[in-house]
Protein chains: 4
Amino acid sequence: MDGKIQSLRARIDGLNLQLLELLSERARLAQAIGELQSAMGLSHYDPVREQEMLEALTAANPGPFTDATVKSLFKQIFQASMQLEEAEEKRHYLTSRSAHRADTVVEVGNVAIGGRHAPVLVAGPCAIESAEQVEAVAARVASRGVTLFRGGAFKPRTDPYSFQGLGEEGLRLAREACDRHGLAFVSEIMDAKELPLFEEHVDMLQIGARNMQNFTLLKAVGRSRKPVLLKRGLAATVEEWVMAAEYLLNEGNPNVVLCERGIRTFERYTRNTLDVSAVALAKLETHLPVLVDVTHSGGRRDLLVPLTKAGLAIGADGIMIEVHPNPAVALSDQKQQVDFETFDRYLEDTGYHTKLSEKRHEVYGF
Amino acid sequence: MDGKIQSLRARIDGLNLQLLELLSERARLAQAIGELQSAMGLSHYDPVREQEMLEALTAANPGPFTDATVKSLFKQIFQASMQLEEAEEKRHYLTSRSAHRADTVVEVGNVAIGGRHAPVLVAGPCAIESAEQVEAVAARVASRGVTLFRGGAFKPRTDPYSFQGLGEEGLRLAREACDRHGLAFVSEIMDAKELPLFEEHVDMLQIGARNMQNFTLLKAVGRSRKPVLLKRGLAATVEEWVMAAEYLLNEGNPNVVLCERGIRTFERYTRNTLDVSAVALAKLETHLPVLVDVTHSGGRRDLLVPLTKAGLAIGADGIMIEVHPNPAVALSDQKQQVDFETFDRYLEDTGYHTKLSEKRHEVYGF
Amino acid sequence: MDGKIQSLRARIDGLNLQLLELLSERARLAQAIGELQSAMGLSHYDPVREQEMLEALTAANPGPFTDATVKSLFKQIFQASMQLEEAEEKRHYLTSRSAHRADTVVEVGNVAIGGRHAPVLVAGPCAIESAEQVEAVAARVASRGVTLFRGGAFKPRTDPYSFQGLGEEGLRLAREACDRHGLAFVSEIMDAKELPLFEEHVDMLQIGARNMQNFTLLKAVGRSRKPVLLKRGLAATVEEWVMAAEYLLNEGNPNVVLCERGIRTFERYTRNTLDVSAVALAKLETHLPVLVDVTHSGGRRDLLVPLTKAGLAIGADGIMIEVHPNPAVALSDQKQQVDFETFDRYLEDTGYHTKLSEKRHEVYGF
Amino acid sequence: MDGKIQSLRARIDGLNLQLLELLSERARLAQAIGELQSAMGLSHYDPVREQEMLEALTAANPGPFTDATVKSLFKQIFQASMQLEEAEEKRHYLTSRSAHRADTVVEVGNVAIGGRHAPVLVAGPCAIESAEQVEAVAARVASRGVTLFRGGAFKPRTDPYSFQGLGEEGLRLAREACDRHGLAFVSEIMDAKELPLFEEHVDMLQIGARNMQNFTLLKAVGRSRKPVLLKRGLAATVEEWVMAAEYLLNEGNPNVVLCERGIRTFERYTRNTLDVSAVALAKLETHLPVLVDVTHSGGRRDLLVPLTKAGLAIGADGIMIEVHPNPAVALSDQKQQVDFETFDRYLEDTGYHTKLSEKRHEVYGF
């Protein structure tokens, strides 16, 4: 009986090769059609044609496969051909590692993020609250070797009656403080119409988690050449995050830095949950630099050091952290900003001081 | 020994009443301060003052409570006073049932949504694709008693290379078809700067799930007087959804209809998961009408009828559904739009025909 | 140029039919092998053979498909054949509607659950606490037409220091009360070794959410003939829930009732979130009755009525609810059990009194 | 007007101190009652008494607080007293850092896990499949410095028709292979009644993710003295995970090692999502060693190295990984086990070889 199985298997081996031959020929024809379609400016995907083919196949189906199985198998074959055409046209996603193997390095002012550059530290208050506050933080973090200053002037707040930021005045105050202390300045933009204002005052545009799929904003910021810090949405998959970056690159802005900031989970001990695999996946799937916002990821001061260690170990190109002269009286994020002494201890405990001045080994072997 | 317990308990009862007396007196003083602060235009929340009080209390702490417990107890007392002041000022949320017990009825064209009005049915294609397509659907759904037409002209798409809608041309085509068939028209707005265009062409502005916390858009739409359909975000809590509506009301637009459209869960059999409790909670906590989008909630045609039944049973003021002449060749949402025959069967199976002409009993006893 | 496309498409049409022919022949050979393997008691899945075939194919790959695409396409072909063999052998899942189209009716004592039978109401306290308490609830719910009594004697508690139930004594007390009032009795079993005890005292075995994938318990209970109430796990997909039921049926116990009890979501206003689509999917995919536990689904008394309406509207075969003489002093679930007066109001508001004595129309057209 | 505020605030300061005095006296009385109750063997929590006190308070409520606020404030006060009594009795959780500040070191065979010991590496196949397979893996991993061998003999499988493991035979084969190569052996136990069998053959009992809240199993394993590896549930909070460990310690088994293995999220690129904060929180809140299972956390071979780096950086006491002679033909987990060559590369890329022989610095400063 084993012999019978052997002989049936030999016949299957023959059929496999015949199938491969026909599939390959079919693929070559599909490529030829695709070239003609491109020349005529037509889309390659034609669902009506697909439906007609599937109907012809099920009409001719001799069994034993059910019609549903026949449809499903041929859908796979159609898709394989379609992918081939897309590859041919090099319609690769601009964010993709397969389109661009080398690490992208984004320059913000005279700070370089990504590649083998030392991991950056982006520090500053959650919100810009006053001239005194912004000056105090800028002076302090600059004196500790920080090169990128963060601070919100337009704040996205769940509750309309919460403090919404100082607006234009906040941008101006922070710009002046950054200039005094040689810091590059990153701040969140919430509306495309404020782009001229931001282009005047900031060195890097931040797109917040809640706006990750605000496609209007993505397109506008994509038409700017300012570097962009793109935060991941609170419940976004890595694919959705990368597609949001694709919007930016597709509009012409190549200076995109991704930023993981924790996702929603069922955990009640933390505000969000840092997703280190997302950092790894973003490094594997794209060529863009990736930062980790350790303040929002955990929402707890006692996690800042361990989350920083994990983020850097998995290959993040930098860390973002909120620093405030007196967190207890801050107008937002009271529980998670650190004061100056805690920030010094943080730098020491994470070994950041050493890291800020050292080139990195590559983490992913590209 | 039981007697000893009784006697200790009696002493505790006495202390309870003394505590109540002091707490009430404290609350009256806090109210008086709050009134003075309001008169001076000052914020009621003063974290520096709070910190000073806590320091004074822990300095005086005789035990046996730890300082942490003392702080925690007094934080509760401070918060209770603060809430009292807020209640005094009638700074109730505008969306709240406690501010406005009667059901809000929103009028869109000559369609009334909410209260005891019969549940509405909002039907139309995912995207407006051509003059022929929009005319065919409008004619069909109008002939079946539908009064509200949906159709996207600006489409939020995860992938930048997907079909993004016909834009202004799409709005115009749908407006004409709706006029021909006496339908009110609802369409998604993605950018505040397109508001004049939408005000000219649509009867109701839709804010999509991905824009639920696009606060710039919320504020702009809140300054319009057009009715708004506010979808719940993919992973938003009910509180965040209601706060997004609060942005609209706070800017002056009272014509807000909420729309549950399924949340992200781990389920792989469906695209999203309809959250009926969110409908119930929105009806309990707010006075706004609530619709259920059964197309996106399940993402499966075979769930449209059961989800509609559940949505109406829990008190939704209407249902939203996608209808397309030929879903297999649609430019988006191929798997979940229904064709004309299926739509007829849907109307019959849900008993919607009867419901569309009947007043409702109240579901929640307000 | 359009003519060229037409002619290339005609050649593709021919290739499609040739592919179909070869695929069908291949499937027939695979079936023949499958029969031989069954006769010899061999498994049909042979990963070594699969790997060899894939290697032969990639070795012969003439392009333009990449080796990865060739492997992926042939994996699909292998799987289709495998599924065919499985279908041939009628190794359909026992829970599946395709194996058993008619609704299963489960009889518990003289109560029938499922099919066209009126929806049942399962009521009783979270935990059995004393003879007085269990007698009071049994008397009351029986007087209101309830036929199934619930009450926990072995309680799964997150915290080891919480009340863990009266154990065997609790089962005995509830059995006596149920006998006095003509009620069938359902109680949660946590350990296979307690099966003899449960078989003596209860009419229906409940498997709790935390034990949904306790496969040892599932197998033991599957070897019993007592009806089983299988709760869905807190974060289980519908597929995992149905597979847990498959364990029960596979061991020989056909008397399985599924019970949706809410899933974990990000919502903070409720303890869990009722997933009505899961009820619909369970009815579509399986032939088993499905109940909804409205107490745990929401964890809020003010949601019991709306969730019941939604559950029944979507086709649930019954509702489970917790009733306690004095919820404020209950040893568990203080916030969500209802007292006797609230239970009466619940029956009236849901119209359950009428429903308990009426046959149902079919919700799903099987 | 500012002067008026100052004077009102001074009166509030006085009231604060009076309140503190009364609260402290009340706490001392509650402690005295607690001691009497302990002496009489009574529970400290008496919900009936609590309700009576709340009723007396709301009856006497002079305003301006609502009754609901009064109740809520006094509930806080009652709870603070209760916590005090519990602290007095040293009814601290056994797992808690506050009960036991020093790191627990668990000894398995002659391997020490936790504290300043070098991080361990637990390696072996998902399932024990044959004498040849288990010998091959044991020989290989032992030759690479691994000291702990993992391998499943009883496999929890979602689908009842999947391979369920070799059972007792599997345990025996692995025991022999471990003895030949000087390895300690850890394997998953699914049923309390198999404890004698496991105690004979394994060095460490694993409790799987699906059984994390199988309280019957936890209690049985807690009565053993064998070291336990307790995996976190797929959607469990850190608190629930720690409470599961508390069951083990409460029954008398102090040799507990926690194991994070990824949680369910919406991500589709990975099977689960490694939650590094859970590792940090487990180290902060408990004194138990914590491992990271990098195979299940990601479900992808290309994430094994980065997840290992992140896990060790955040302070994990070891890593668990699946190794198989030929993963493509494995009976389970084909996609995520690594072959011997990949395992060698993994050791090199993670620098594990160096780490396996080095003492660690403390990560958390206890």
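**Stop one: a core leucine**

Select Leu230(A) and show its neighbours: leaving out residues up to four places away in sequence, Leu230(A) touches Ile207(A), Met212(A), Ala244(A), Ala245(A), Leu248(A), Val256(A), Leu258(A) and Cys259(A). Contact here is C-beta to C-beta, within 7 Å, with the C-beta atoms placed from the backbone. Before you go on, a word on the ground rules: this is a predicted model, where local features need pLDDT of at least 70, side-chain atom pairs count only at pLDDT 80 or more, and totals for chains, interfaces and linings use all residues. Residues are numbered from 1 along each chain as its sequence is written, with chains lettered from A and ligands numbered from 1 in the order in which they are written.

Leu230(A), Leu230(B), Leu230(C) and Leu230(D) touch the most other members of the largest nonpolar core, which has 374 residues. Such a core is a set of buried Ala, Val, Leu, Ile, Met, Phe, Trp, Tyr and Cys residues joined through C-beta atoms within 7 Å. Buried is 20 or more other C-beta atoms within 10 Å of a residue's own, exposed is 12 or fewer, and partly exposed is in between.

**Stop two: helix H9 of chain A**

Pick residues 276–285 of chain A, helix H9, where eight of the 10 residues are buried. Among them are Val276(A), Ser277(A) and Lys283(A). Helices (H or I, at least four residues) and strands (E, at least two) are DSSP runs numbered from the N terminus.

**Stop three: A against B**

Show chains A and B together. Turning chain A by 180°, with 0.0 Å of shift along the axis, superposes it on chain B at an RMSD of 0.1 Å, which means a two-fold axis. Want to see where the axis passes? Zoom in on Ala235(A), whose C-alpha comes closest of chain A's residues, at 3.1 Å.

Colour the contact next: 26 residues of chain A meet 26 residues of chain B. H8(A) gives the most to chain A's side, with five residues. That side has 12 nonpolar, seven polar and seven charged residues. In this count Ala, Val, Leu, Ile, Met, Phe, Trp, Tyr, Cys and Pro are nonpolar, Asp, Glu, Lys and Arg are charged, and the others, Gly among them, are polar.

**Stop five: the barrel in chain C**

Switch to cartoon for chain C and follow E3-E4-E5-E6-E7-E8-E9-E10: these eight strands close into a barrel with parallel pairing. Strands pair if DSSP finds at least two bridges between them. For a close-up, take E3 (residues 120–124) and E4 (residues 148–150) of chain C, a parallel pair with two bridges. Ala123(C) sits opposite Phe149(C) there.

**Last stop: a cis proline**

Staying in chain C, go to Gly63(C) and Pro64(C): the peptide bond between them is cis, with omega near 5°. Pro64(C) is in the loop between helix H2 (47–60) and helix H3 (67–88). Jump to chain D for another cis bond, from Gly63(D) to Pro64(D), with omega near 5°.

Terms used. Contact = placed C-beta atoms within 7 Å. Least-squares fit on C-alpha atoms with pLDDT ≥ 70 in both.
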